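Have the structure open beside you as you read.

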Amino acid sequence: MVLFVLCLGIYSVNVLGNALLIGLNKLDPRLHTPMYFFLSNLALIDICGTSSFVPLMLVNFLETQSTISFPGCALQMYLTLALGSTECVLLAMMACDRYVAICQPLRYSELMSWHTSMWMAALSWGAGFANSLLHSSLTWSLPFCGHNIINHFFCEILAVLKLACGDISLNALLLMVASAVLTLAPLLLIFLSYVFILTATLRVPSAAGRRKAFSTCSAHLTVVVIFYGTIFFMYFKPKPKDLNLDKLIALFYGVVTPSLNPIIYSLRNAEVKAASIALLRGDLLSRKMSRFPVVP
């Protein structure tokens, strides 16, 4: 019951906070920029990613025996892997957007047009779901003839592969390659982008200009550190003797981290805070309604 209440509260913060970010992006014209378009995509990924396994996990906290159907497990594994991969690529796209905004400000509207932003977002979603389709297809083509107890709180791909009776060397190899391509490559791109951003920011003559440049990147950089930090801690740490530690880390990565994103962007972004205040005052809704006058 303690875990149920705790996870339900964190999940509620995640859904409400990320839904608020998406709503603010739609209502406030000042947020109709590529940066906030990518942020809305990130918020949607966080909502869908946690919703793919948290509701069933909450139900299982109240049950004496936790079960999931075979199709449900296949769908859950596919969605969690797809959305996690998509977020890795999307964070790299957001870093590229910040690089163009700070290092090429005069050409920003040209280089980061809505057409380009849509293609970058589509590439992120397409790469994530194609990667998950490949691994899911190979995983469920394996023979499963032993026990059917998954030692995890959701159908995580590594936990499912442990139940297979056949040779999983090909699956392990492809997972390693995919991790390098979809995790290390975006992280390298993010690192290079921020090296150029830092170099360009230090050249800004005014202190106010430097603070503004840093403030536009600090929220995204904080999200990157938390997201990749938990990934590396989960997959690249020494193998623990207690498997429950892996579950706790995965719970933090899958449930807590997505809930931090809207808090980070709300506290560290002046435009999001201004839009939130305008929404609380009713200004955003009144401006939205004024665009649709009622003709008697």
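## The second largest pocket

How many nonpolar, polar and charged residues does the lining of the second largest pocket have? Keep in mind that this is a predicted model. By class, the lining has 17 nonpolar, 11 polar and 1 charged residues. The lining is made up of 29 residues, and the space in this pocket comes to about 780 Å³.

To find the pocket on your screen, look for Ser66, Thr67, Ile68, Asn148 and Ile150, the lining residues that lie nearest its centre. Two elements give two or more residues to this lining, namely H3 and helix H4 (70-103). Of the elements, H3 gives the most, with 4 residues.

## H1 against H3

H3 also packs on another helix. Helix H1 (residues 2-27) and helix H3 (residues 54-61) meet at an angle of about 160°, and their axes are 9 Å apart. Angles over 145 degrees count as roughly antiparallel, so H1 is roughly antiparallel to H3. The two helices cross in a left-handed sense.

On the H1 side, the contact is made by Leu3, Phe4, Cys7, Leu8 and Tyr11, while H3 brings Val54, Pro55, Met57, Leu58 and Phe61. What classes of residue has this contact? There are 10 nonpolar residues in it, with no polar and no charged ones.

## H1 against H2

H1 has a contact with H2 as well. The axes of H1 and H2 come within 9 Å and cross at roughly 155°. H1 and H2 are therefore roughly antiparallel to each other, and H1 passes H2 in a left-handed crossing.

H1 takes part in this contact through Tyr11, Asn14, Val15, Asn18, Ala19, Leu21, Ile22 and Asn25. From H2 come Tyr36, Phe37, Leu39, Ser40, Ala43, Leu44, Asp46, Ile47, Thr50 and Ser51. By class, the contact of H1 with H2 has 11 nonpolar, 6 polar and 1 charged residues. Tyr11 of H1 is named here and is also listed in the contact with H3.

Rolling a probe the size of a water molecule over the atoms shows where empty space is left. The count comes to 2 cavities of 30 Å³ or more, and the second largest cavity holds about 50 Å³ of space.

Which residues line the second largest cavity? They are Leu21, Leu24, Asn25, Leu31, Tyr36, Leu39, Ser40 and Val272. The elements that give two or more residues to this lining are H1 and helix H2 (34-51). The lining residues divide into 6 nonpolar, 2 polar and no charged. Leu21 and Asn25 of H1, along with Tyr36, Leu39 and Ser40 of H2, are among the residues that make the contact between these two helices.

## H6 against H8

One more helix pair is worth a look. The axes of helix H6 (residues 114-140) and helix H8 (residues 169-202) come within 10 Å and cross at roughly 170°. H6 and H8 are therefore roughly antiparallel to each other.

Ala127, Asn131, His135, Leu138 and Thr139 make the contact from H6, and Asn171, Leu174, Leu175, Ala178 and Leu182 make it from H8. This contact has 6 nonpolar, 4 polar and no charged residues.

How values were computed
Residues are numbered from 1 along each chain as its sequence is written. This is a predicted model: local features need pLDDT of at least 70, side-chain atom pairs count only at pLDDT 80 or more; totals for chains, interfaces and linings use all residues. Side-chain values use heavy atoms; hydrogens and water are left out. Axes are lines fitted to C-alpha atoms, for helices over the stretch in contact, and angles run from 0 to 180 degrees between N-to-C directions. Angles under 35 degrees count as roughly parallel, over 145 as roughly antiparallel, 65 to 115 as roughly perpendicular and the rest as oblique. A crossing is left-handed if the near helix is turned anticlockwise from the far one by less than a right angle, and right-handed if clockwise. Contact means heavy atoms within 4.5 Å. Ala, Val, Leu, Ile, Met, Phe, Trp, Tyr, Cys and Pro count as nonpolar, Asp, Glu, Lys and Arg as charged, and the others, Gly among them, as polar. On a 1 Å grid over the protein atoms alone, a cavity is a set of points where a 1.4 Å probe fits but cannot get out, and a pocket is an open set with protein on both sides within 12 Å along at least five of seven lines; lining residues have an atom within 4 Å of a point. Grid points are joined across faces, edges and corners, and a volume is the space filled by probe spheres set on the points.
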